[in-house]
Amino acid sequence: MKQAYLDLAALPQPAQPKPDELQLRVARNRKRSNRNSSLKREANRMALAAEAHRLANIDTLTEDAQDTLKHLTRRLGSCSCHSLYREHLGGDQPLEYIGSATCKHKVCPVCNSERSKRLRRKWLTYLTAHPELTTEYDLMHLTLTVPHTAASGFRGEQFYVMTLINIFKELRRAPWWKEHVHGGEYGAEVTRNANGLHFHIHSLVFVHKSLQNRNELHRHILLSWNLATLDHTAQRQQFGPDDLASIGKGNKQLTPADLACLLPQGSTLVGLESLYTYSDKKRGWSEKWDAERGQWKQYVNGKNLDSLLSGVMECLKYHFEPFSLRKHDSDEYDMDLLVELLPKMKGKPLYQKFGAFRGVKELNINAPKTAAGEAAELLADFAHEEIINPDTLQEAERDEYTYFIASTASVYHFRDTGLRPKIGKKAPRLYIHEARNMAQALRFMIDLSIHPKPV
Ligand SMILES: [Zn+2]
């Protein structure tokens with residue numbers, strides 16, 4: 001409270017955020033709240049679909065398959081059921097979304113979004129702190145795949161992701177790799193198409209700058225990958241008349257002798273490109289239409305850090321969509337695929353850093369192991385912010401707001417009110433008026449929840 005004898009204006013004042021910054025902060029919180037509620041509703045739909053699938057196939061599913069589905073239903077159903085909101089008293093009682101106790105399941109939409117956010121934030125902080133990484137190296141997106149068939153997969157193996165990962169690991173031992181590549185990271189992704197399970201590797205690589213570095217590195221990878229992925233049972237036993245010419249077109253450095261070395265039974269699917277982003281709208285002249293995605297592809301400008309970071313984020317995005325959860329020809333969830341893959345994927349290192357980034361602690365993305373760590377991580381998002389009323393943008397005192405715990409599925413956001421969070425009238429909520437501050441409220445929420453191990 002102001003005191004008449006003290007001239008507050010004469011004292012050094014901490015920098016006050018401007019009203020438009022506060023408005024932005026409110027908008028960000030609403031967007032985040034909306035995203036979490038939508039993803040939680042999707043997690044609920046998936047949980048219900050898993051249970052429906054189990055009940056519909058109860059006579060044919062094995063005990064293990066049923067357990068996988070039951071576990072999936074329980075985890076996804078519980079995700080974000082305990083979420084913390086701050087409710088401002090008086091007026092229209094505006095809400096702020098603070099955070100959720102999550103389920104940590106590999107296929108949970110909420111948790112995948114959280115993991116993706118954590119990874120992006122870590123890379124953003126790391127690259128901003130080490131700008132030389134973006135000036136000394138060219139950042140590229142490497143995609144590696146192998147041909148496979150529905151009948152025999154790859155080399156007779158249907159679940160060949162670890163084989164793929166190991167071949168890539170072996171390839172990174174080559175002297176030419178070390179000469180060209182400073183470091184990077186990769187994630188393995190799986191989809192299912194008419195030829196069975198389709199695994200591929202998406203990798204972000206930091207390549208030493210030099211003229212023609214892309215073509216030189218691509219040539220080395222292609223020749224090695226082709227030999228290392230030789231599969232005698234491959235469908236392609238001979239190259240078609242245009243195959244080699246079209247491979248040659250992709251890289252000017254490939255000589256006729258190189259092309260003659262390529263084996264038709266080995267993979268020739270190696271993508272190495274500058275980083276790119278996708279957008280629904282065409283913004284400039286340089287975008288290319290990607291018919292498969294139905295979006296415009298834009299290569300990023302390596303000299304502009306913001307642009308480069310967008311490309312890095314796009315590349316990293318793939319690591320958190322390890323499954324294509326829906327059938328490729330419909331909107332239905334592919335429960336058979338989940339039942340088949342989940343037990344096999346358990347504990348598999350599908351995301352790794354390599355080269356100079358291996359062991360860099362700042363880039364570790366593991367979820368906090370303890371409840372206290374989880375609460376601390378959520379708190380860190382708000383640590384530097386004073387509490388403001390989202391409607392009036394005025395600083396709020398402790399007796400002007402309270403906290404409650406509810407499921408994000410019961411909170412709705414409508415475009416015509418600028419995504420203002422609104423909780424269903426009858427939605428169950430647990431008020432924690434006693435919490436002295438957000439840290440206590442968060443800790444209470446986390447302690448109330450089961451702290452599940454990542455799956
Ligand atoms: Zn979850």
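Let me start with a question: is His 53 buried or exposed? The model before us is a predicted one. In it, His 53 has a relative accessible area of 16%; the cut-off for buried is under 20%, so His 53 counts as buried. This residue belongs to helix 1, which covers residues 19-56. Setting aside neighbours within four places in sequence, His 53 is in contact with Leu 61, Leu 69, Met 335 and Asp 336.

I turn now to the aromatic residues. A search of the whole structure returns 21 aromatic pairs. One of them is formed by Tyr 186 and Phe 354. Their ring centres lie 6.4 Å apart, with 25° between the planes, and the pair is classed as stacked. Planes under 30 degrees apart count as stacked, which is why this pair falls in that class.

Where in the chain are the two partners? Tyr 186 lies in strand 4, residues 181-193, and Phe 354 in strand 10, residues 351-355. The pair thus links distant parts of the chain, 168 residues apart.

Over the ring of Phe 168 sits the charged end of Arg 172, 4.6 Å from the ring centre.

Finally, a further charge over a ring: the charged end of Lys 297 sits over Tyr 276, at 4.3 Å from the centre of its ring. Thank you.

How values were computed:
Residues numbered from 1 in each chain as written. Predicted model: local features only at pLDDT ≥ 70, side-chain atom pairs only at ≥ 80, totals over all residues. Heavy atoms only, no water. Helix = DSSP H or I, 4+ residues; strand = E, 2+ residues; numbered from the N terminus. Buried < 20%, exposed > 50% of the residue type's maximum accessible area, 1.4 Å probe, protein only. Contact = heavy atoms within 4.5 Å. Phe/Tyr/Trp six-rings, centres within 6.5 Å; stacked < 30°, edge-to-face > 60°. Lys NZ or Arg CZ within 6 Å of the ring centre and 35° of its normal.
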